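Visitor: I am new to this model and would like a close look at one part of it. Please show it first.

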Amino acid sequence: MPSALDAQPVVAGSANCLVVDDEPGVRRSLARMLQAQGFQCFEAGTGLEALDLLERIGETPLIVSDMRMPELDGIGFLEAVRRRYPDTSVIMLTGLSDTTTAVDCLHLGAADFLLKPISMNELQARVTRALEKRTLVLQNRYYQENLERRVHEQSQRIQELFLQGVQMLARALEAKDAYTRGHSIRVSRYAVATARRMGFQGALLDGIRLGGELHDIGKIGTRESVLHKPGSLTAEEFRQISEHPLLGERMLSPLARESPDVLRIVRSHHERLDGRGFPDGLRGDMIPIEARIVAVADAFDAMTTRRPYRDSRPPDQAMEELRRVAGTQLDPEAVEAFVAAHPHPERLPLSA
Ligand SMILES: [Fe+2]
C-alpha cells in the first residue's frame, strides 16, 4: 500500500543529493523526505565524511547540511563546498539559537537555511526554490557564455570577410601591373621562411605572412602614372608614393586589435636601420622586427623582378646586395636568416 510519502510530488527527477547530519535519526528522516521528492540520497555523519563522499561521487546539485557537527562544523563544510563545488545548492539546518550563524551562511553562499524541526512541506518548498534558482544561474551562465562565443565568432567572421576583401584588392592591384604581379605573395613567402629561420612560429608567423601579403596595399591610393613611371621621381611624386605605408595602415585599421603586427609591417616596411627611411625615420631596434624581416624580403623581390626603370638582377647578385646594405638599410640578422632560408636562390620562382 502506498505511504503518504509516495504521494508527494516529484520535482527532482533522479538527481543526487547529500544529507549531512551527525544524528542518524534526523538524517534518515531528511533523506526519506528528499527521496519522496525524487532525489537519490547520499548520507554523511560529518562534514569531513561528506567531503570524502563528494570526492567519490562527484558534485551533487543539492546538499542539506546540519550546522552543528563534530570535526568540521556546518560553516567550515559550507566554505569547503563553495570552493570545490560552486554550482551546488546548499541548504543549512539550524536550531533557533543559531539564527545569526544562519544569516552568516547566506553570506557565505548557502542557498537557504531551515529552522528545526523541519516539516516536509517546508523542506520541499525550500528545495524546489533553491534548485530553481540554481537552474536559473546555470542557464544564465550558459546563455552568457554562448552569447560571448557567438559574438566572438561573428567578429572573427567579419574580420575574415574584411581580410578576404583586402587580399583580393591587393591581388587586383598587382594584376594590373605586369612588373609587380605576384610581388606580395612572394614577399610573404620569403618573409615567412626568414622569420621561421629566426625562430618565429604560430600567430607571430601568421602575422608576418599576412603583413607580407598586404604590405603595399596603400599603393591603391598612389596614381598609376607615379607607380609606373619609368624614370626617376620628382620630389612631389616621391612624397606621393611615400604615403602608401600610412594609407595602408589606415585601410587595415579594422585589424588593429586582433593583428597589430600586420599594421606594424604595413607602416614600417620602408624604414631603414640608419634612420633614413619613411614614414617615421625610425632607427635600428625602434623598427618593429616584423617590418625589418619584410623589408629584406621586399628588397630581394624588388631587385630580382624587372621594373619600368631597370632590369632585374640575378638572385645571387641580389643576395650580395642584401649583405652589402645590411647594417645601414637592412637588419643584418634578418638578412642572414633570409640568405640561410634560401640556400638555392637560383631555384626560386621569381615571378608568378
Ligand atoms: Fe612598399
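Visitor: At roughly what angle do the axes of helix α5 and helix α7 cross, and within what distance do they come?

Guide: This is a predicted model, in which local features need pLDDT of at least 70 and side-chain atom pairs count only at pLDDT 80 or more, while totals for chains, interfaces and linings use all residues. Residues are numbered from 1 along each chain as its sequence is written, and side-chain values use heavy atoms, with hydrogens and water left out.

Helix α5 covers residues 120–175 and helix α7 residues 202–214; their axes cross at roughly 45 degrees and come within 9 Å. Helices are DSSP runs of H or I, at least four residues, numbered from the N terminus. Axes are lines fitted to C-alpha atoms over the stretch in contact, with angles from 0 to 180 degrees between N-to-C directions. The two helices are therefore oblique to each other, a word for angles that are not under 35 degrees (roughly parallel), over 145 (roughly antiparallel) or 65 to 115 (roughly perpendicular).

On the α5 side, Leu163, Val166, Gln167, Ala170 and Arg171 meet Leu210, Glu213 and Leu214 of α7, where contact means heavy atoms within 4.5 Å. By class, this contact has five nonpolar, one polar and two charged residues. Ala, Val, Leu, Ile, Met, Phe, Trp, Tyr, Cys and Pro count as nonpolar, Asp, Glu, Lys and Arg as charged, and the others, Gly among them, as polar.

For comparison, the axes of helix α12 (residues 289–303) and helix α13 (residues 315–325) also come within 9 Å, but cross at roughly 140 degrees. α12 and α13 are therefore oblique too.
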